[in-house]
Amino acid sequence: MTKRKRNILLVEASRCIGCFGCEAACKMEHDLPGEPRPIRVIQVGPLGEGEELLMSFQPTTCCHCDRPACVTACPTGAMQKREDGIVFSDLELCIGCQTCAVACPFGVPHLNPATGKIAKCDGCRERVDQGLWPACVLKCPTETLIFGGPARVLQEIGTQEALKVAKTFTREE
Amino acid sequence: MLDHHPIKRFPGSRQEQDYQVRTVCQECAVGCGLVAHVKDGRIVDIQGEEEHPISRGRLCARGTAFVQGLTLPERLTQPASRQDRRQALQPLDGWKSGLDLLAERLRHLKERHGPNALLIGCDLEGGLDFYLGAMRFAQLWGTSQVFYPLGEPLEPWPSGLNSPAASCSDWIHSRCLFLVEADLAASHPVACSWVQEAQRRGARVVAADARFTGALAKADETLRIKPEQGNLLGLALMKLILAEGGQDAAAVGAGFTETSQWQASFEQLSLEGVEAALGVPLERLQHLARLLAQRGPVTVITGRELADLPHHHIWLTLATAMGWVGRPGGGWYPVDAGAPPLKIHTYTGEANTRPEGGHREIPPKLAEVKSRADQPVRAIICSGNCLYDYLSPFGRLTEQVDLIAHFGSFPNATWEQASMTFPAALWAERDGLSFSNDRSIQWGTKIVEPPDGCRSGLDFWMVLARRFGWEAHFPWAGEDSRADQAAFYSWLMAQSPLTAKLQVDQLRSLEPGSQIFWPVGKTVLPNARSPYKGKIVPHPAPAALAPGAETAETADYPLAFEAVQISCRSGDASRFWPWTRGLSREDAVQINPETADLLGIENGDDVLVETPRGRLAGRACLSRAVSRWLVASPHGVSGLKALVHKTDQSLDEARHLLKKLSL
């Protein structure tokens, strides 16, 4: 079996417009009910005074930690970390005890009331294994979610920053 | 500009499937391309159409969540009726007996109260075919009261310019995008991605709205105006630009039928009172006017509500006078106005076959119908949840109405009032034509069959018309006597010179990635507004900008109310999707923290919003998105004066407390 390559999911939150496209895409892909929401858009603000307001949207999902507390805590071995970094819960082994939910410092794992088992972001591992992008990334209208190999994503960040600088020059023309 | 190669996308579905259907999302008018994956007659996955020029594979929450609406257990699938609206609806034995009963009741009401006692309300989910079928039925019946949430389509514009603005993908050529009361982030997320794309390429984004919306949050410059004053802002900007000679003299000469009187009207216009009417200092307006004059080409994107308010055409005038129209990245882009004028108000039928009393009137305004005391409305046929959204003035009059027939898919508030109900097919279950905001004409192929008992809007009217012997006026029956949607839309396109050269088959066989826009082919446009080819009649300035001074109403209702669009809601069905239902509360009443503090209101309190036209109950949601003088909620009608108070607080107490508020 060929070794799975690591990927990065970059959240460029400054672009998010709060459309919830990622949330709906995730629920359809994983056949989830209204709650839980493995990817969740949090609205921050508007904050400030008078006309000087700021508002942002922050899509949040599992960090797929290097040393995941949920994996260590899981009593049945359902919660696992793959060689490509994806942290997922094997639903055949999960007993819904929610120890992982207590252990996770970010409050990521939640119980799926429809199955009585944990539902958390599994990095769309089945899609990724087939060479497809995760469902949330593909549907995001604003390219807030950026997915790919680490080198390619880093290059993308660099280009985007360069474009921002280029933009300030166009403004001053 | 830097050469940027985005990361290659890897689209597709992992679900097992029998076949795919390529179609167009009809949750809003952006017109995104969809690929539906179907297994055993059910949708198992929805992906965006990667080759689609508008959406490029992207979809918003609505474009995914609609799938849930098709299979929800709450879905209505059987016609039902009741004599007394206090009792439960009883299922009927199919459509035949349902429509027999409806026809009998309608006949009875017509004999007693005349044809104008019938009012028809059409929502967007009922489909264009329900609306057009309603128009024809109403003309045969003799009532002019047919309502649709979209205003009249724009008049055809001068030849030589295909439209006042190009597609949203053209915004990347713009140096400035000016959004007026258009919260694309909530209402049209995929189109909003083009705003961001343009912004990344150096376009300055300026957004004006009453609330601090998602669009304002992403804009480079923001302007908070009073609700529904967008067109007034347009007039003020035109005045300021003309005063400094910022217009494009050549474009004015080439674009307008007449210029001296038009310019004189703006010279005479006084800006006195405009600061109070808009809630914006004059210096800010001046700054904005100069910015727009310097940063052409500008695309002005205006919200749907502005179309129903006076002076809407100031935007075409402004865009033409500045020379933006016709330039890449410039022009006027009114949202939700992408359908061509469809010649539906002038149906006369075949010679000598038109029944007595048929009407050719333009529908009256809603307010006029309400005030016709001599001709009260006794019967309502409506689709979706009309009585509780844009027809809400009638929602409270239902006691006086003898018959309410509901055509819809879900047990909503209108259904609760209905004396009869007919289950509707949703857009994914019927073929149909879709006009995008960009004026792109797309064929929406049905993805799955509707549940037994659910029918299209055209079917409803066609079969009802048969009960009155009007088959000849609905000649679109297929072999199974159901409505043939393709035949209907072929007929429809043939009616207008703007679309006559197009066949439904051409649309069906269109390759992914290509689009057809109206006007189709080289068409000589009938220029209804002007006898001069290639020119428009410029919108003149009114005698005074600001409306009258303080009224008694202002004293009683010191705040303003605005209806809010929620980003994960598009219509009635969206209220029932579990995937998006929990994302946003529909009863949230947004109140500024300072106003709430004065009134002693805390987050989550039960509150009442009082307006001169009725009361709205909800839960307080403290937010700086609304200014001190504004309250906002997804329900209700924009533009009203309002007062908000806690349920255990009297109106006078709230009024007294609000006197301390510096508006």
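Colleague: In which helix is B:Leu240 placed, and why does B:Leu240 count as buried?

Modeller: Helices (H or I, at least four residues) and strands (E, at least two) are DSSP runs, numbered from the N terminus. B:Leu240 sits in helix α7 of chain B. A residue is buried if 20 or more other C-beta atoms lie within 10 Å of its own, exposed if 12 or fewer, and partly exposed in between, with C-beta atoms placed from the backbone. B:Leu240 counts as buried because it has 22 C-beta neighbours inside 10 Å. Its C-alpha atom is separated by 9.0 Å from that of B:Phe266, 26 residues apart along the chain.

Colleague: Where is B:Leu387 found, and how many C-beta neighbours does B:Leu387 have inside 10 Å?

Modeller: B:Leu387 is in the loop between β13 (379–383) and α14 (392–395) of chain B. The residue has 28 C-beta neighbours inside 10 Å and therefore counts as buried. From B:Leu387 to B:Gly432 there are 45 residues in sequence and 25 Å in space, C-alpha to C-alpha.

Colleague: Which members of the largest nonpolar core touch the most other members?

Modeller: A nonpolar core is a set of buried Ala, Val, Leu, Ile, Met, Phe, Trp, Tyr and Cys residues joined through C-beta atoms within 7 Å. Here the largest one has 235 residues, and B:Leu237 and B:Val631 touch the most other members. Helix α3 (residues 128–141) of chain B supplies the largest share of this core, 10 residues. Outside four places in sequence, the contacts of B:Leu237 are B:Leu285, B:Leu288, B:Ala289, B:Leu292 and B:Leu318.

Colleague: Why is helix α12 of chain B called largely enclosed?

Modeller: Because eight of the eight residues of α12 (residues 314–321) of chain B are buried, the helix is largely enclosed by the rest of the structure. The buried residues of α12(B) pack against α7 (230–243), α8 (249–255), β11 (298–302) and β12 (331–334) of chain B. After α12(B) comes B:Gly323, with a positive phi near 75°.

Colleague: What kind of sheet do β19 to β24 of chain B form?

Modeller: Strands of a sheet pair through backbone hydrogen bonds, either parallel or antiparallel. Two strands are taken to pair if DSSP finds at least two bridges between them. In chain B, six strands make a closed barrel in the order β19-β23-β20-β22-β21-β24, with mixed pairing. Neighbouring strands of this sheet are turned by 45° against each other on average, direction ignored. β19 (residues 559–563) and β24 (residues 640–646) of chain B pair in the antiparallel sense over three bridges, and B:Leu559 has B:Ala642 as its bridge partner in β24(B).

Colleague: Which helix lies across β21 and β24 of chain B?

Modeller: Axes are lines fitted to C-alpha atoms, for helices over the stretch in contact, and angles run from 0 to 180 degrees between N-to-C directions. Helix α22 (residues 651–658) of chain B lies across β21 (606–611) and β24, at about 105° to β24(B).

Colleague: How many residues of chain A and chain B take part in the contact?

Modeller: Chain A gives 43 residues and chain B gives 44 residues. On the side of chain A that touches chain B, α6(A) gives the most, with nine residues. Chain A as a whole has six helices and eight strands, and buried residues make up 40% of its 173 residues.

Colleague: Where in chain B is the pLDDT below 50?

Modeller: pLDDT is the predictor's confidence in each residue, from 0 to 100. For chain B the mean is 88, and 88% of its residues reach 70 or more. Residues 349–361 of chain B are one stretch below 50, with 18 contacts in the model beyond near neighbours in sequence. Residues 524–532 of chain B are also below 50, and this stretch has 19 such contacts. Where pLDDT is low, the predicted coordinates should not be read in detail. For the complex, the predictor gives an ipTM of 0.94 and a pTM of 0.93.

Key:
Residues are numbered from 1 along each chain as its sequence is written. Chains are lettered from A and ligands numbered from 1 in the order in which they are written. This is a predicted model: local features need pLDDT of at least 70, side-chain atom pairs count only at pLDDT 80 or more; totals for chains, interfaces and linings use all residues. Two residues are in contact if their C-beta atoms, placed from the backbone, lie within 7 Å.
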